[in-house]
Amino acid sequence: MQTEGLVITGTAQRTAWVNNVHPPVEHVAAGVLSVPVVFPRHPMRYTLSYILSDDSQCVVVDPGFDSDQGHRQLVKALASLGIGPNEVTGVIATHHHIDHLGMARRVADQAGAWIALGTDERRYISAYEDEQSEVRLDQNRMRAWGVPEVTVPEVAITARGLRRMRNLPDPDYRLADGQGLQVAGRDIRIMATPGHTPGHICLWDDAAELVLSGDHVLPRITPNVSLAIRGETDPLRRNLDSLRRVALNDHYEVCPAHEYRFRGLAQRAEELERHSQERTGEVHSALESGAASVYETARKLTWSRGWESLQHISLRLALSETAAHIQYLVTSGAHGGVPGLPPGQGDFST
C-alpha cells in the first residue's frame, strides 16, 4: 500500500490504527515478532514491541508500559514462539519513556535478564533527592514560562508522577553510537538519534534491511521534541541532525514503536525536518508579534485540535515543544529568548 509517497508495509497495522483497535501480532521477518502492548488511558493506545529470537537467545525491544494486561499480551506472544517468560535473555529500550521502558523491570526480574539503554539516556528528573523540592522546582519553572497560576498544578510534575518515573529501572548495559551487538543471531548496529530524548537510539539490522526506530521516526505522527527539565539544552537541533543521519538508508523497512511499518525513510525524515522548520518559523512570528513567554507563544500557535483542547500532559508537552523551538531560535542567533530557558550548555534549574 502506498500513502502520500510512503510504502506502507504494515497494512494490517495501519488498518487497526485507523479503526482505533489493536493490530495483530505479526512476524516482521524470520526471528522478528511485532507485538502491540497496551498503553492504558493514553491516545497512543499501545506500543509496538519487538521480540528478537533464535534457538539460543530472546531479546525484547521496547517492552512497553507496565500493566497486567500488557504483560499478558507479551507473554502470549512469547508463548507463540515456544518461549516462556523466564527464558527472555535481554531487554533493550530505545529510550527512557514509560511506554517503552516501563515493563522492562518486570520482564527482566522474571527471567534474570539484562536491560540496555543508549549511552546518553540518563535519569535526570527521576534521580531526585527530595520529592517535594523537585515538585516546587518544576512549578517555578512553569511560572517562569508564563503559565497562569491557576494552571500551574495542571501542568507541573506531581509527586505521584515522580515516583512512577523513579520506578523505571537502571540499565545493566549502555549502547554507544556505532556499536555492534549480536542479538538472537542478528548483527545489530546501534545509532544514537538524540532529539525525542537525549539518549534515544535506533537499532539497524543491515542484513535484513530493517530499522527499529523507536519514537524517532513515525509514519504519520510528528514525535514530540521537548525542552526537558534537565539534560539536553538544544533538543530540536539534535533531532534535526538525527533525522539527517537516518535518512541515508531510505530502502530499509522502518519498524516504529507506534502506528505501522513503512518504507520511505528519507522522505519521512525530510517531511519531519520540514515540519520542524515551518514550526520554528511560526514560533518566530509569534515572538515577533509580542509573545514574551513560552506560554504566550504557545497560545499563538496552530494546534491540531485547537489550543483549548490542550490539558494536563498534552498542554505540558505543547509548552515543552514550544520551548524547544524558542531555544533553537536562540542558539541560532535569531532571537534573544524568553524567561525560563537554559542559559547555555549543561543542566539548568530555572
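This is a predicted model: local features need pLDDT of at least 70, side-chain atom pairs count only at pLDDT 80 or more; totals for chains, interfaces and linings use all residues.
Visitor: Is strand 8 largely enclosed or largely open, and how many of its residues are buried?
Guide: Strand 8 covers residues 114–118. It is largely enclosed by the rest of the structure, because the buried residues number 4 of the 5.

Visitor: Which residue of strand 9 is the bridge partner of Leu117?
Guide: Strand 8 pairs with strand 9 (residues 173–175) in the parallel sense, over 3 bridges. Within strand 9, the bridge partner of Leu117 is Arg174.

Visitor: How far apart in sequence are the parts that the pair of Phe39 and Phe65 ties together?
Guide: The structure holds 5 aromatic pairs. One of them is the tilted pair of Phe39 and Phe65, with 5.4 Å centre to centre and 35 degrees between the planes. Phe39 lies in the loop between strand 4 and strand 5, and Phe65 in the loop between strand 6 and helix 2, so the parts tied together are apart in sequence by 26 residues.

Visitor: What kind of aromatic pair do Trp114 and Tyr173 form?
Guide: Their centres are 5.9 Å apart, with 80 degrees between the planes. Planes over 60 degrees apart count as edge-to-face. The pair of Trp114 and Tyr173 is therefore edge-to-face.

Visitor: Over the ring of which residue does the charged end of Arg45 sit?
Guide: The charged end of Arg45 is 4.3 Å from the centre of this ring. The residue is Trp17.

Methods. Residues are numbered from 1 along each chain as its sequence is written. Side-chain values use heavy atoms; hydrogens and water are left out. Buried means under 20% relative accessible area, exposed over 50%, partly exposed in between (1.4 Å probe, protein chains only). Helices (H or I, at least four residues) and strands (E, at least two) are DSSP runs, numbered from the N terminus. Two strands pair if DSSP finds at least two bridges between them. Rings of Phe, Tyr and Trp (its six-membered ring) pair if their centres lie within 6.5 Å; planes under 30 degrees apart count as stacked, over 60 as edge-to-face and the rest as tilted. A charge sits over a ring if NZ of Lys or CZ of Arg is within 6 Å of the ring centre and within 35 degrees of the ring normal.
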